[in-house]
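The report below goes through both topics.

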Amino acid sequence: MSSSIEETRTADEARLPAISPAQSEVEERLIENVLRSFEQCTEPRSKQLMQSLVRHLHAFIREVRLTEAEWEQSIEFLTAVGHITDDRRQEFILLSDVLGASMQTINVNNEAMGNATEATVFGPFFVDDAPLIENGGDIAGAGAGQPCWVEGSVSDVKGNAIPNARIEVWEADEDGFYDVQYTDHRVSGRAHLFSDDEGKYRFWGLTPTPYPIPHDGPVGQMLEATGRSPMRASHLHFMVTAPGFRTLVTHIFVRGDGLIKSDTVFGVKDSLIKDFEEQVPGVPAPDGRELGDRDWSRVRFDIVLAPEGA
Ligand SMILES: [Fe+2]
């Protein structure tokens, strides 16, 4: 047995309830057999991933003394997660999100770099090929909600403007629904645009509102059974790409939102909380848009991209 297996075994044993030496040996022998089954794998990363997964999975089973009924229930749960997933609903991403696994993977892969904008969860509602809008255009489409003027810049960590960065934006309507949740398949609340020659961008969207993650499926049942809320803090999604820079997947959150501290997917970072300034009817819009008797809001989000490979 290699030293890393020995170390893991020692650490695992420290968390185990009292079991007889004979029983412990039976359980450990099985782990060693399973680990050995991957020894001939010629792809080192696959071997590492699978052996580590086996170690942690068995450590979990042994630590909680998983019952056979619980194991069956787990299989039924994962099967239900698979059955409800299709090309418009991604229950596995939801599951990863509410367990904090998505956020931890983001943390591991996007170490903070100076003043670069922080990343957060991707979420299940991004769609490829969202419509292109010009700077100053409107992403809301037929989605209902309070108009929100969003503007900012895209720059590198030294403050140099990044022109022509691709900016994908997507958000829910005022009822908390993304367009992919509509039954008529219309596109709204999403678009892409490009930063201008000075690295600036601007568009009309909707003031973000809180919404529950889809909770009519197995993930929702798990949240309810464990006394957790399905609510997400209000947010607007961004994905920003430019050659030579690390792709940024993030949101901005609304300062003052009561759900900031209890976001069900653990996505909030302080640096991403922004002031959405409420504007009363009659205040002229930045682009001269006629808003009549509507109130509206505005927010500034300056985006700083980390260099690729940082
Ligand atoms: Fe979202």
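## Salt bridges

A salt bridge here is a side-chain nitrogen of Lys or Arg within 4 Å of a carboxyl oxygen of Asp or Glu. The model is predicted. By this rule, 17 salt bridges are counted. Side chains of opposite charge can pair when their charged atoms come close.

## The network around Glu27

Glu27, Glu28, Arg62 and Arg65 are joined in a network of salt bridges. Within it, Glu27 pairs with Arg65, and their closest N and O atoms are 2.5 Å apart.

Arg65 has 30% relative accessibility, so it counts as partly exposed.

## Two further pairs

Glu168 forms a salt bridge with Arg166. The closest N and O atoms of this pair are 2.8 Å apart. Glu168 is buried, at 6% relative accessibility. Arg166 is partly exposed, at 27%.

Asp263 forms a salt bridge with Arg232, again with the closest N and O atoms 2.8 Å apart. Asp263 lies in the loop between β8 (248–254) and β9 (273–274), and Arg232 in strand β6 (residues 231–232), so the pair ties together parts that are 31 residues apart in sequence. Asp263 counts as buried, with a relative accessibility of 6%. Arg232 also counts as buried, with a value of 3%.

## A nonpolar surface patch

Which residues form a nonpolar patch on the surface? They are Leu57, Phe60, Ile61 and Val64. Together they have about 330 Å² of accessible area.

Ile61 is placed in helix α3. Its relative accessible area is 32%, so Ile61 is partly exposed. That value also meets the patch rule, because patch residues need over 30% relative accessible area.

## Domains

The domain assignment gives domain 1 (3–66) and domain 2 (95–305). How many Å separate the centres of domain 1 and domain 2? Taken over C-alpha atoms, the separation is 41 Å.

Note on methods. Residues are numbered from 1 along each chain as its sequence is written. This is a predicted model: local features need pLDDT of at least 70, side-chain atom pairs count only at pLDDT 80 or more; totals for chains, interfaces and linings use all residues. Side-chain values use heavy atoms; hydrogens and water are left out. Buried means under 20% relative accessible area, exposed over 50%, partly exposed in between (1.4 Å probe, protein chains only). Helices (H or I, at least four residues) and strands (E, at least two) are DSSP runs, numbered from the N terminus. Domain bounds come from an automatic or database domain assignment. Patches are made of residues with over 30% relative accessible area and no salt bridge: like charges are joined within 9 Å, nonpolar side chains (Val, Leu, Ile, Met, Phe, Trp, Tyr) within 5 Å. Accessible areas come from the Shrake-Rupley method with a 1.4 Å probe; for residues, only the protein chains shown count as cover.
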